[in-house]
Amino acid sequence: MGGIGPWKDRMIAAERALPGRAEPMPLHNVHDVLGTPLRDAFAGMGDARFGMGCFWGAERLFWSLPGVVSTAVGYAGGYTPNATYREVCSGETGHAEIVRVIFDPAIIGYGALLQAFWENHDPTQGMRQGGDTGTQYRSMIQCTSEQQYALALASRDDYQKRLAAAGLGAITTEIVFPAPEFYYAEDMHQQYLAKNPDGYCGLGGTGVSCPVGTGA
């Protein structure tokens, strides 16, 4: 999952980003594990979006949680419409690798999703995650409601205290509202670790716990 371009550790300017294309990626609209759609209206469900490094392992983390209805991987936070994986890896789109999580709020709350997010990557690493270096691996929370935005900010502030107490640095996670447009990744990346059980998973936390409801 390494990048391939000169833009690795800094965001590209919008005017220098790749132009992209009008047509979205072809999508087999069935979740390989859950059997639900990847693209749908999802009436009554919550919609959460997280960037925490390589999206393969991150997606598996979230589809395994009770109450998660569907997950999909894609690109967001940059400038290039309907970018390809190769383009995102070049650093010339500005996008991060993002997991879209559709969840049933009657079964799992947004606070539990935040807990999984904070505990399963290192949010202090800037434009990388472990050995994966590049702007597409940066830590992000893209909020789809004002309530999510408030909860995400509160959880960040509380988790920062816990990280500082453990001797770790400042959180670099970008928390944005409203969530930018989500561009679905190519089919081969959707539920990648279900299709390739021995594939690469870059998840790795700090070892600092974030109890359910922290800051929420």
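Residues are numbered from 1 along each chain as its sequence is written, and side-chain values use heavy atoms, with hydrogens and water left out. Because the model is predicted, local features need pLDDT of at least 70 and side-chain atom pairs count only at pLDDT 80 or more, whereas totals for chains, interfaces and linings use all residues.

The protein contains five helices and eight strands. Both are DSSP runs numbered from the N terminus: helices are H or I with at least four residues, strands are E with at least two. Read from the N terminus, the order is β-α-β-α-β-α-β-β-β-α-β-β-α. The radius of gyration is 16 Å, close to the 17 Å that the globule rule gives for 216 residues, so the protein is as compact as a globular protein of that length. This radius is taken over C-alpha atoms, and the rule is 2.2 Å times the number of residues to the power 0.38. The C-alpha trace spans about 45 × 40 × 35 Å along its principal axes.

Of the 216 residues, 49% are buried. Buried means under 20% relative accessible area, exposed over 50%, and partly exposed in between (1.4 Å probe, protein chains only). The protein exposes about 9,000 Å², of which carbon and sulfur atoms supply 52%. Areas come from the Shrake-Rupley method with a 1.4 Å probe; for residues, only the protein chains shown count as cover. There are 15 positive and 22 negative side chains, and the centres of the two sets lie 4 Å apart. Lys and Arg count as positive, Asp and Glu as negative; His and the chain ends are not counted. Each charge is placed at NZ of Lys, CZ of Arg, CG of Asp or CD of Glu.

Helix 1 (residues 55–63) is mostly covered, with eight of its nine residues buried. Among them are Phe 55, Trp 56, Phe 62 and Trp 63. Its buried residues pack against strand 1 (46–52), strand 2 (68–76), helix 2 (85–89), strand 3 (96–103), helix 3 (110–119) and helix 5 (192–195). Helix 3 is largely enclosed by the rest of the structure, because nine of its ten residues are buried. These include Tyr 110, Leu 113, Leu 114, Phe 117 and Trp 118. Their cover includes strand 1, helix 1, strand 2, strand 3, strand 6 (139–142) and helix 4 (146–165).

Two loop residues contrast in burial. Thr 80 lies in the loop between strand 2 and helix 2. Thr 80 is buried, at 0% relative accessibility. Beyond its neighbours within four places in sequence, its contacts include Ala 17, Pro 19, Glu 87, His 95 and Tyr 183. Ala 106 sits in the loop between strand 3 and helix 3. Its relative accessible area is 71%, so Ala 106 is exposed. Its C-alpha atom is 9.7 Å from that of Gly 46, 60 residues away along the chain.

The structure holds zero disulfides, defined as pairs of cysteine sulfur atoms within 2.5 Å. The sulfur closest to that of Cys 201 belongs to Cys 54, 7.3 Å away and too far for a bond. Cys 210 is also in no disulfide; its nearest cysteine sulfur, in Cys 143, is 14 Å away. Cys 201 is partly exposed at 31% relative accessibility, whereas Cys 210 is buried at 2%.

Definitions and conventions
Contact = heavy atoms within 4.5 Å.
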